[in-house]
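Please describe the strand pairing, the ligand site and a few individual residues of the structure shown below. A report in running text with one table is wanted.

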Amino acid sequence: MAETLRVGIAGLGTVGASVVRVLRDKAAELTRQCGRDIAVTAISARDPKRDRGVDLSGAEWFDDPVKLAEKANIDVFVELIGGDEGPARASVRTALDAGRHVVTANKALLAKHGVALAEIAEKRGVLLNYEAAVAGGIPVIKTMREALAGNSVNRVFGILNGTCNYILTRMEAEGLTFEECLKDAQRLGYAEADPTFDIEGNDTAHKLAILTSLAFGSRIAADDIYLEGISNITQADIRAAGELGYRIKLLGVAQRTESGIEQRVHPTMVPTASVIAQVHGVTNAVAIETDILGELLLSGPGAGGNATASAVVGDIADIAKSRPGFQHGPVFGRPAKELQPYRKARMRSHAGGYFIRLTVLDRVGVFAAVAKRMADNDISLESIVQHSDGKGEPDKKTVILVTHETTEAAVRKAVESITKDGHLTDKPQVIRIERAG
Ligand code: HSE
């Protein structure tokens, strides 16, 4: 049998502890699959005394993850620290420079430094595996990196943040407040250390940036993503969406357009009958549309210790199965040097349908004035309905508009004019509608 694969793990939070547990519990099966033992021989975490409920015996302890990456007797460095700079970046770089394979679940790090790290890994002939960084346990990286060779991707979109999907699902199903749902997501170990990364869409954006690179062969451009989170979504939006035959999801979308590649993260109305609308709770889903295959939809557990550990262990097993002389595939599906500059499509050119919810004063002519501003901007309406606002305020009305396909620029101009007209009592709500099968 080949020599034992020695693994060093940096970071023992929810995911790190689950990885250690799975590697121990499934040791015999992994040995059968990989043809060699896998052993955790080095560990680094903040607090050596904390009881994490896992057996760490036999592993050398390092206070400093960078030292572990440099000095420990390991073949694979597993980074589960998180963050795009500091010890996470320094330790991954050190491990790659030292010619060690790296497995990471760190989407923020890859979104910012992925191409530079890929260049080092490819130069050193080692693997940089990151299945757990996008969509938790769903094998979307393997699918895009390996299984779709020869396909040209037109659009990739998905529910990439378990915390947001969990919150939106429970708000709709149980009428709970945003805050109540977020607390539960934190308690269950789905949310990031700083949950604003989840709810303001940054976590989805990091994952989308990685998928965009794999889909379009472009350099990662996380700073060029249009970003809106879910913290402004109210029960009024969720109810109105339901009445109109839609459900609200936080989507990350990357799409090839005539003017470049659109990358956007925002709350989105998807038809209630679509497959993606049936993805509930912490489950993630990724839809990939290609010229040869058509549409592929992958869905599965997107966050939490076990889901993420499943992907990390899969990446470690891939390394255990590789052998000296084996030609490692490039990190982003093609050599890092071949990745093209990202050509950004402007958000103002985005074309699609829109949901617009306005709270207006109940005065003669307001409804007509709103409709006129839409017409002035060449926006064709699919529907316009007026409700009393339901909060016992008889002088206020809610006007809900659904547009046919129009542009972001036209909608922004129309809403700006309506706001200037002085009929609104509250901030207008605009939610984009996404075509989904
Ligand atoms: N906070 C992330 C989520 C964890 O909720 O999806 C998985 O990346």
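Tyr226 stands opposite Arg264 in E10. The model is a predicted one, in which local features need pLDDT of at least 70 and side-chain atom pairs count only at pLDDT 80 or more, while totals for chains, interfaces and linings use all residues. Residues are numbered from 1 along each chain as its sequence is written, and side-chain values use heavy atoms, with hydrogens and water left out.

Helices (H or I, at least four residues) and strands (E, at least two) are DSSP runs numbered from the N terminus. Two strands pair if DSSP finds at least two bridges between them. Strand E8 (residues 226-227) is joined to E10 by two bridges, and the two run parallel. Leu250 stands opposite Pro267 in E10. Two residues lie between E9 and E10, which form a hairpin. Strand E17 (residues 429-433) pairs with E10 over two bridges in the parallel sense, and there Arg432 is the bridge partner of Thr268.

How much of E10 is buried? Of the twelve residues of this strand (residues 260-271), eleven are buried, so E10 is largely enclosed by the rest of the structure. Buried means under 20% relative accessible area, exposed means over 50%, and partly exposed lies in between (1.4 Å probe, protein chains only).

## The six-stranded sheet

An open sheet of six strands has the order E3-E2-E1-E4-E5-E6, with parallel pairing. Strand E3 (60-62) and strand E6 (128-129) are at the edges with a single partner strand each, so one side of each has no neighbour in the sheet. Further in, strand E1 (residues 5-10) and strand E4 (residues 76-79) run parallel and are joined by four bridges. Val76 in E4 is the bridge partner of Val7.

Phe77 also has its place in strand E4. Its relative accessibility is 0%, so Phe77 counts as buried. The C-alpha atoms of Phe77 and Tyr190 are separated by 24 Å, with the two residues 113 apart along the chain.

## The ligand site

Tyr190 is one of the residues that surround the ligand.

| Side chain | Ligand atom | Distance |
|---|---|---|
| Asn161 | oxygen | 3.4 Å |
| Glu192 | nitrogen | 2.6 Å |
| Lys207 | oxygen | 2.8 Å |

Taken alone, the ligand exposes 250 Å², and the protein buries 93% of that (Shrake-Rupley method, 1.4 Å probe). Helix H7 (162-174) and helix H10 (202-216) are the elements that give two or more residues to the shell around the ligand.

## Individual residues

His113 has its place in helix H5 (residues 107-124). At 11% relative accessibility, His113 counts as buried. A polar atom of the His113 side chain lies 3.4 Å from the backbone oxygen of Asp84.

Ala135 is in the loop between E6 and helix H6 (140-147), and it is buried, with a relative accessible area of 0%.

Asp378, also a residue other than glycine, has a positive phi near 65 degrees. This residue is in the loop between helix H13 (366-376) and strand E14 (381-388). Is Asp378 buried or exposed? With 71% relative accessibility, Asp378 counts as exposed.

Lys344 is found in the loop between helix H12 (305-321) and strand E13 (351-361). The relative accessible area of Lys344 is 45%, which makes the residue partly exposed. The C-alpha atoms of Lys344 and Ile261 are separated by 5.2 Å, although the residues are 83 apart along the chain.

Definitions and conventions: A residue is near a molecule or strand if one of its heavy atoms lies within 4 Å of it. A polar contact is a pair of N or O atoms within 3.5 Å; within protein, one must be able to donate a hydrogen and the other to accept it, and residues adjacent in sequence count only if both atoms are side-chain atoms.
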